[in-house]
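Here is a friendly walk through one protein chain, written to be read with the model open beside it.

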Amino acid sequence: MLYPEDEPIRKEFVHLQRQLRDNRSLEQGFADMAVRTGDKDILCFSEVFEIAKRSGGDLIRVIKATERNMAECAEVHREIRTVISAKRLEANIMNLMPCGIILYFLLCDPMYLLPLYEGVAGRMLMTGVLAVYITCVLWSNKIVEIEI
């Protein structure tokens with residue numbers, strides 16, 4: 001009732017119900033769901049569920065502890081994504097600043113930059129600066145593309 005018909009989680013639970021009707025164990029159903037979805041949290045839960053059921057321990061307490069650990073892990077991931085998105089925005093601004101400064105000079109006083117684009121020495125210098133700029137942009141993009 002929580003999810004619309006087309007949500008993947010709903011389809012997975014319908015598939016799990018079918019497996020239970022076919023007399024497959026709940027542990028096998030969760031393990032199959034983990035393999036189909038490729039989700040680490042579902043895989044972790046299915047392994048904990050299987051071990052707790054097999055060992056005959058307090059299944060409710062084990063599942064609650066697992067849920068609490070998974071929620072804490074999800075919260076840490078959200079915090080990391082927030083920090084990374086802020087740093088990604090800073091990197092994008094820093095990448096655009098040199099272009100903005102050059103555009104400002106071109107609009108305000110085009111003669112100011114004229115020596116940098118005329119003559120062999122100016123063109124070589126600006127080509128080198130462009131290479132350094134491109135390297136810095138690629139490097140900053142690589143730094144902020146962190147897999148969680």
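A salt bridge here is a side-chain nitrogen of Lys or Arg within 4 Å of a carboxyl oxygen of Asp or Glu. By that rule, the side chains of E145 and R88 meet in a salt bridge, at 3.7 Å from N to O. R88 belongs to helix α4 while E145 sits in the segment after α6 (120-144), so this pair ties together parts that are 57 residues apart in sequence. Please keep in mind throughout that this is a predicted model.

**The overall picture**

The chain has 6 helices and 0 strands, and its pattern along the sequence reads α-α-α-α-α-α. With a radius of gyration of 28 Å, well over the 15 Å that the globule rule gives for 148 residues, the chain is more spread out than a compact globule. Taken along the principal axes, the C-alpha atoms fill a box of roughly 80 × 30 × 25 Å. Buried residues make up 15% of the 148 residues. The accessible surface comes to about 11,700 Å², and 66% of that surface belongs to carbon and sulfur atoms. Among contacts with a separation of 6 or more, 33% are between residues 24 or more positions apart.

**Salt bridges**

Side chains of opposite charge can pair when their charged atoms come close.

| E12 | R36 | 2.6 Å |

**The nonpolar core**

In soluble globular proteins, nonpolar side chains tend to be buried together. Which residues form the largest nonpolar core here? That core has 6 residues, namely L16, F30, M33, A34, I42 and F49. Both α2 (26-37) and α3 (40-55) supply at least two residues each, and α2 gives the most, with 3 residues. Leaving out residues up to four places away in sequence, L16 touches L26, G29, F30 and M33.

E27 also has its place in helix α2. Is E27 buried or exposed? A relative accessible area of 17% falls under the 20% cut-off, so E27 counts as buried. Apart from neighbours within four places in sequence, E27 is in contact with F49, E50 and K53. The C-alpha atoms of E27 and E50 are separated by 5.4 Å, although these residues are 23 apart along the chain.

**A loop residue to look at**

N23 is found in the loop between α1 and α2. Its phi is near 65°, a positive value in a residue other than glycine. N23 counts as exposed, with 72% relative accessibility.

**Further along the chain**

Helix α4 (residues 59-108) holds M97, which is partly exposed at a relative accessible area of 46%. M97 is part of a nonpolar patch on the surface, together with L89, I93 and I101, and these residues have about 380 Å² of accessible area together.

L113, by contrast, is buried at 7% relative accessibility; its place is in helix α5 (residues 110-117). Setting aside neighbours within four places in sequence, L113 is in contact with I102, F105 and L106. L113 and I102 are 11 residues apart along the chain, and their C-alpha atoms are separated by 8.2 Å.

Note on methods. Residues are numbered from 1 along each chain as its sequence is written. This is a predicted model: local features need pLDDT of at least 70, side-chain atom pairs count only at pLDDT 80 or more; totals for chains, interfaces and linings use all residues. Side-chain values use heavy atoms; hydrogens and water are left out. A nonpolar core is a set of buried Ala, Val, Leu, Ile, Met, Phe, Trp, Tyr and Cys residues joined through side-chain atoms within 4.5 Å. Buried means under 20% relative accessible area, exposed over 50%, partly exposed in between (1.4 Å probe, protein chains only). Helices (H or I, at least four residues) and strands (E, at least two) are DSSP runs, numbered from the N terminus. Contact means heavy atoms within 4.5 Å. Patches are made of residues with over 30% relative accessible area and no salt bridge: like charges are joined within 9 Å, nonpolar side chains (Val, Leu, Ile, Met, Phe, Trp, Tyr) within 5 Å. Accessible areas come from the Shrake-Rupley method with a 1.4 Å probe; for residues, only the protein chains shown count as cover. The radius of gyration is taken over C-alpha atoms; the globule rule is 2.2 Å times the number of residues to the power 0.38.
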